[in-house]
Amino acid sequence: NTLLRAEEISRSYGNTPALREASLSVTAGEVLAVMGPSGSGKSTLLHCLAGIFTPDSGEVWFDGRRLDTLNDGRRSELRRTAFGFVFQFGQLVPELTVADNVALPLLLGRTRRNHAYARAASWLERLELAELGGRRTGELSGGQAQRVAIARALVTGPRVLFADEPTGALDSLTGELVMELLVGLAREEGTTVIVVTHDARVAACADREVVVRDGRVTDPYAGRVTDPYA
Ligand code: ADP
Ligand code: ADP
């Protein structure tokens, strides 16, 4: 039951190739860690899978539908309704309160105001942030801000949560707690998670790990038995 699949996708920035016929399948409910050196193409892969970028060639499929050939309007609607995003930093609006930030994706989706804030409040409670609902997000600690970002990413009930270095700006203990929380909630909700990370302890929370090298996706365990030094 593949939910999301990239098939031989390539993407360049000018003359710089970032992805070279990269392929990847993710099943429904799976938590996948994407690792690999800086500049190997991880972010570009994530952006193509999430329909933020379209690849120059190859195909992206989501839930039996071709994603990369949808027009911009339908692709952004799909992103808004089916996908959630957590990034390293910068995704919260500092002038707004915690509750406003979490309700925002629902308000943009034209959910009624009182319903949006009720949903936001219940997610804040699940993340033990209920008492911070009225604070401005600029005043939060890094770990609190990432928990708010997780609540905001999950409030719409996405099928897939994309996370790009979600713990990159946190100390390792806080990062591990934030990742455990993210994975625990995703499993309760049956949400598929694709997380780009440099942190092996974050990757250890995942069901499966792939490594991006030089624009291609590799299975880190492939060939290990016959060639341990490859
Ligand atoms: P990673 O996430 O693994 O660090 P990226 O997908 O960000 O890798 O980048 C892959 C390659 O594409 C790198 O060589 C990077 O310098 C290049 N690249 C990424 N974004 C841009 C951009 N906006 N303009 C030009 N080159 C880019
Ligand atoms: P990451 O490793 O998480 O992808 P980067 O620092 O590589 O983060 O990239 C941060 C931003 O800069 C991204 O939006 C990426 O597209 C852009 N970027 C990365 N490499 C280049 C580049 N060589 N030229 C221009 N923009 C780039």
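Start with the open sheet of 6 strands, which runs in the order 6-7-8-3-9-10 and has mixed pairing. Its edges are taken by strand 6 (83-86) and strand 10 (216-218), and each of these pairs on one side only. Going from one strand to the next, the twist averages 20°. Keep in mind as you look around that this is a predicted model.

For a look at one pairing, take strand 7 (residues 160-164) and strand 8 (residues 192-196): they run in the parallel sense and share 5 bridges.

Now for another open sheet, with 4 strands in the order 2-1-4-5 and antiparallel pairing. Which strands stand at the edges? They are strand 2 (16-27) and strand 5 (65-66); each has a single partner strand, so one side of each is left without a neighbour in the sheet.

Strand 5 is joined to strand 4 (residues 57-62) by 2 bridges, with the two running antiparallel. You can pick out F62 here, as its bridge partner in strand 5 is R65. Helix 1 (residues 42-49) packs on this sheet and touches strand 1 (2-13), strand 2 and strand 4. Its direction makes about 125° with that of strand 1.

A200 sits in helix 7 (residues 200-203). Is A200 buried or exposed? Its relative accessibility is 53%, and anything over 50% is called exposed, so A200 counts as exposed. Along the chain A200 and A33 are 167 residues apart, yet their C-alpha atoms are separated by 9.3 Å.

How many disulfides does a search of the whole structure find? The count is 0. As for individual cysteines, C48 has a relative accessible area of 2% and is therefore buried. C205 counts as buried as well, because its relative accessibility is 17% and the cut-off for buried is under 20%.

How values were computed
Residues are numbered from 1 along each chain as its sequence is written. Chains are lettered from A and ligands numbered from 1 in the order in which they are written. This is a predicted model: local features need pLDDT of at least 70, side-chain atom pairs count only at pLDDT 80 or more; totals for chains, interfaces and linings use all residues. Side-chain values use heavy atoms; hydrogens and water are left out. Two strands pair if DSSP finds at least two bridges between them. Contact means heavy atoms within 4.5 Å. Axes are lines fitted to C-alpha atoms, for helices over the stretch in contact, and angles run from 0 to 180 degrees between N-to-C directions. Buried means under 20% relative accessible area, exposed over 50%, partly exposed in between (1.4 Å probe, protein chains only). A disulfide is a pair of cysteine sulfur atoms within 2.5 Å.
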